[in-house]
Amino acid sequence: MTAAQISTTKKLLSIAKKVVIIPHRNPDGDAMGSTLGLYHYLKNKGIAATVLSPNEFPDFLAWLPGADTVKLYERDKIASKAILEEADLIFTLDFNAFHRTGEMEQELITLQTPFILIDHHEAPANYAAVTFSDTQYGSTCEMIFDFIEALGDSSFVDKTIATCLYTGIVTDSGSFKFPKTTGKTHRIVAQLIDLGVENSQIHNSLFNNSSYESLQLLGRALQNMKVLKNHKTSYITLSQAELDRFHFKKGDTEGIVNYGLSIKGIIFTAIFIENKEEGIIKISLRSIGDFDVNQLARTYFHGGGHKNAAGGKSYLSMKETIQFFEEVVQHNPNLKF
């Protein structure tokens, strides 16, 4: 953060009486870890704050400290609108544009309230009084740690905040294996553990809580995997019927896309998940090395993200989406042996 950003942030916090903190729609570990970490920091400073999520978060994050206080926009839009209108400062975390909040976008664009944006995705929109955006970070939780430190408030970081931030770092780093995991990442994690983070317990809560149905769904997903060997690509499909058959719950498909990169010679993988209610095919893209899935998602699938991890959507049928995807792959010179 620049000196001007720090000064503006301190001024906004000094007069803030009601703060709202917003993650993106379908929040993941980094979104919930960063919003709840910031929530507890503000609480420790004596500032009233509310985390307002566009929709529900996965059950495997429900143990996070303060998760029971999170308000859900989709569950009560009238109350959520009142919360937004009464706020005198709004933080948006782990996303770079209002459309990432889904239906909440229409509420946000009408507000005159000052915003503070903290995010590590490319191309942030220009709506905030303070924009702390840096794609070099592997997670927004790392940014929240540095944000608190930049404000001179490291003494406010306790075990509760550390637990939230560690959760976001471990999930967005792929348990510390993704390329943006740096020495600084590990130094921050070391400080969080020194504050009492029970890292083994967090890993169990995040990764060892599968239901029988979710494992069956994983099995079906792997059965559905296709490999385009000559194009160093794999992909997985899951239809709405398959999701329904295995009693899909939010979070059950988390991480499945990564299995496609475990195949020798594969550098690009995708998962296509049908959502009948929204009328879309939800797409997650992953890569290794220099292949840029962020640019591919922006160009072809109404999305974006990071160089090696991005997402998007298709309004075509599953069959048409896969046909289009294969055409994109076949014409990409970076995906040919």
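Mentor: Helices (H or I, at least four residues) and strands (E, at least two) are DSSP runs, numbered from the N terminus. Just after helix α5, G152 takes a positive phi of about 75°. This is a predicted model, in which local features need pLDDT of at least 70 and side-chain atom pairs count only at pLDDT 80 or more, while totals for chains, interfaces and linings use all residues. Residues are numbered from 1 along each chain as its sequence is written, and side-chain values use heavy atoms, with hydrogens and water left out.

Trainee: At what angle do α2 and α5 pack?

Mentor: Two packed helices are described by the angle between their axes and the distance between the axes. Axes are lines fitted to C-alpha atoms, for helices over the stretch in contact, and angles run from 0 to 180 degrees between N-to-C directions. Here α2 (residues 29–44) and α5 (residues 140–150) pack at about 20°, and their axes are 8 Å apart. The two helices are therefore roughly parallel (under 35 degrees; over 145 is roughly antiparallel, 65 to 115 roughly perpendicular, the rest oblique).

Trainee: Which residues of α2 and α5 meet?

Mentor: Contact means heavy atoms within 4.5 Å. On the α2 side are D30, G33, S34, L38 and Y41, and they meet T140, C141, I144, F147 and I148 of α5. By class, this contact has six nonpolar, three polar and one charged residues (Ala, Val, Leu, Ile, Met, Phe, Trp, Tyr, Cys and Pro count as nonpolar, Asp, Glu, Lys and Arg as charged, and the others, Gly among them, as polar).

Trainee: How does α5 pack with α6, and at what angle?

Mentor: The angle between α5 and α6 (residues 159–172) is about 140°, with the axes 7 Å apart. That makes α5 oblique to α6. In this pair, C141, E142, I144 and F145 of α5 meet C164, L165, G168 and I169 of α6. The residues of this contact divide into six nonpolar, one polar and one charged.

Trainee: Is C141 buried or exposed?

Mentor: Buried means under 20% relative accessible area, exposed over 50%, and partly exposed in between (1.4 Å probe, protein chains only). C141 counts as buried, at 0% relative accessibility, and C164 is likewise buried at 0%.

Trainee: How many residues of α5 are buried?

Mentor: Nine of the eleven are, so α5 is largely enclosed by the rest of the structure. Among the buried residues of α5 are E142, M143 and D146.
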